[in-house]
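Me: I am new to this structure. Please take me through its helix packing and its pockets.

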Amino acid sequence: EFEPLNAKTIRILLIEANSGDATLLKEMLKDCNFTDSELVHAERLSDLFELTRSKSFDVLLLDLNLPDSSGLDTIATVHSQAPHIPIVVLTGFDDEELGVNAIRLGAQDYLVKSQVDGVMLGRSIRYAIERHNLRTELITLSLRDELTGLLNRRGFMALGTQHLHLARRMKREFMILFADLDNMKYINDTFGHA
C-alpha cells in the first residue's frame, strides 16, 4: 500500500546544467500544488551518485544534455545505477522518436521544456511516481511466490545471475543451498494449494 502523494513531502532531484532552465523549473514547481516539496539541484550526472548515497528522492527530473553525459546514454546510466528513482526527462529536443526510446530505457515521461508549465510538470511528477510504484510492485509480484514469500524460479534466476556477475567481478566464490520438500503433492491434494 503506497502513501498518497499529497500526504507527504515529495523529494525532487533536478539534474540540469543550464542555470536559467533550472530557475524556470524551480518556479514551475511552485505551481504544482504539492502539499510540500523539496528540491535538490545538481548540474552533473556524476552528482547523482553522490546525492543518492546520502538522501532518497521520489523523482528525478533529468536533462539529457549534461556536461558529463548526453543523449539516451544519460537515461541508461541513471536507470542502471539508480533504478529505484522514477525518471522524468526534461529536454529541449522535441523529438518523438527520442521520447519513445527514453521511455523504453526506463524513463517514466518525456517532456519538452518549451511546452511545459507548472500544472503539466506536477501531473507528470505525480504520474511518474505512481507508475514507478506500480511497476515495482508488479516486478516484486512476478519474482516472489505468493504463499511463501520466497523467490520463485524467475526471481531465483534473476538474483542468481546478479550474484554470479558480482562474484566474477569481485573474483569471489558463492554457494547455493538446495532444499527439496518431499510429499508436497499429498499436502496440496489433501488440503489444497492455498
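Me: What should I know before reading?

Reply: Residues are numbered from 1 along each chain as its sequence is written, and side-chain values use heavy atoms, with hydrogens and water left out. Local features need pLDDT of at least 70 and side-chain atom pairs count only at pLDDT 80 or more, while totals for chains, interfaces and linings use all residues, since this is a predicted model.

Me: Are helix 2 and helix 3 roughly parallel or roughly perpendicular to each other?

Reply: Helices are DSSP runs of H or I, at least four residues, numbered from the N terminus. Helix 2 (residues 45-54) and helix 3 (residues 72-81) pack at an angle of about 15°, with axes 11 Å apart. Axes are lines fitted to C-alpha atoms over the stretch in contact, and angles run from 0 to 180 degrees between N-to-C directions. Angles under 35 degrees count as roughly parallel, over 145 as roughly antiparallel, 65 to 115 as roughly perpendicular and the rest as oblique, so helix 2 and helix 3 are roughly parallel.

Me: Which residues of helix 3 meet helix 2?

Reply: Contact means heavy atoms within 4.5 Å. From helix 2 come L45, L48 and F49; in helix 3 they meet T74, T77, V78 and Q81.

Me: How is helix 1 placed against helix 5?

Reply: Helix 1 (residues 19-29) packs with helix 5 at about 80°, and their axes are 8 Å apart. That angle therefore makes helix 1 and helix 5 roughly perpendicular.

Me: Which residues of helix 5 make the contact with helix 1?

Reply: Helix 1 brings L25, M28 and L29 to this contact. Helix 5 answers with G118, L121 and I125.

Me: How much space lies in the largest pocket?

Reply: A pocket is an open set of points on a 1 Å grid over the protein atoms alone, where a 1.4 Å probe fits, with protein on both sides within 12 Å along at least five of seven lines; lining residues have an atom within 4 Å of a point. The largest pocket is lined by 18 residues, with L150, L151, F156, L177 and A179 nearest its centre. Its space is about 710 Å³.

Me: Which helix gives the most to the lining of the second largest pocket?

Reply: The second largest pocket has a volume of about 350 Å³. Its lining includes P83, I139 and R144. Helix 5 (118-143) and helix 6 each supply at least two lining residues. The most, four residues, come from helix 6.

Conventions: Points joined across faces, edges and corners; volume = space filled by probe spheres on them.
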